[in-house]
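Thanks for making the time. I have one model to walk through, and I will keep it short.

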Amino acid sequence: MKYLNAKVLGFAAMLGAIVAFVSIKRRFGSLSNATDAVMDDPRVQDVKHTVEDLAHRAQDAFNDVEDKVTSTTKDLSDSAQDSFDQARDSARETAGTVKEAAENIVNKTKDSAEDVATTTKDAAKDLSEEAKGRVKRAS
């Protein structure tokens, strides 16, 4: 790692020197041969190739991470949609069950109310007849 950092640092220093040489060449026009010599130096070429290789590796790593993030995001989205669909279906089933239970309760309550009404009517009729009978006997 130190060796790689030294190469990158060396390349950066060499690149700075090259930029300085180009600036001087523009001003004085006499450093063209020196700049060509630096650029053709095998050490500069090695550093250049090393940096280009690192750039390609970094781009490949970025692409791999991007693919994984995209894939994971899609998987999570699909999973969330599946959970939503299951919850919706479960809610529909529960609503149907609750509706049936409510209808059963209403029907049983109606039947009970009709039974109570019939019993009350019969009891009132019996009481009325008994009261009429007592009134007749008392007269």
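Start with Asp67. Asp67 sits in helix α3, which covers residues 42-138. Keep in mind that this is a predicted model.

Now the overall layout. The protein chain holds 3 helices and 0 strands. Along the sequence the pattern reads α-α-α.

Does the span of α3 agree with its residue count, or disagree? At 1.5 Å a residue, its 97 residues should span 144 Å. The end C-alpha atoms of α3 are 140 Å apart, so the two values agree.

Next, burial. How much of the protein chain is buried? Of its 139 residues, 6% are buried. In α3 the buried residues are Val44, Val47 and Thr50. The accessible surface of the protein chain is about 11,700 Å². Carbon and sulfur atoms account for 59% of that surface.

Back to Asp67 and its surroundings. Asp67 gathers with Asp60, Asp64 and Glu66 in a surface patch of negative charge.

Side chains of opposite charge can pair when their charged atoms come close. How many salt bridges are there? The count comes to 5. The cut-off is 4 Å, from a side-chain nitrogen of Lys or Arg to a carboxyl oxygen of Asp or Glu. I will take some of them in turn.

One joins Asp53 and Arg57. Their side chains meet at 3.1 Å, N to O. That value is within the 4 Å cut-off, so the pair counts as a salt bridge. Where do the two stand along the helix? Asp53 and Arg57 are 4 residues apart in α3, so about one helical turn separates them. An α-helix has 3.6 residues a turn, so residues three or four places apart point the same way. What about exposure? Asp53 is partly exposed, at 36% relative accessible area. Arg57 is exposed, because its 53% is over the 50% cut-off.

Further along the helix numbering, look at Asp85 and Arg88. Their side chains form a salt bridge at 3.3 Å, N to O. Both lie in helix α3, 3 residues apart, which is about one turn. Asp85 is partly exposed, with a relative accessible area of 22%. That value is not under the 20% cut-off, so Asp85 does not count as buried. Arg88 is partly exposed too, at 32%.

Arg88 has another partner. Which residue is it? Asp89 forms a salt bridge with Arg88, and their closest N and O atoms are 3.7 Å apart. Asp89 counts as partly exposed, with 37% relative accessibility. Shared partners join Asp85, Arg88 and Asp89 into one network of salt bridges.

To close, two places to look at on screen. One is the negative patch of Asp60, Asp64, Glu66 and Asp67. The other is the network of Asp85, Arg88 and Asp89.

How values were computed
Residues numbered from 1 in each chain as written. Predicted model: local features only at pLDDT ≥ 70, side-chain atom pairs only at ≥ 80, totals over all residues. Heavy atoms only, no water. Patch = residues over 30% accessible without salt bridge, like charges linked within 9 Å, V, L, I, M, F, W, Y side chains within 5 Å. Areas by Shrake-Rupley, 256 points an atom, 1.4 Å probe, with all protein chains shown as cover. Lys, Arg positive; Asp, Glu negative; His and termini not counted. Charge placed at Lys NZ, Arg CZ, Asp CG, Glu CD. Expected span 1.5 Å × (residues − 1). Buried < 20%, exposed > 50% of the residue type's maximum accessible area, 1.4 Å probe, protein only.
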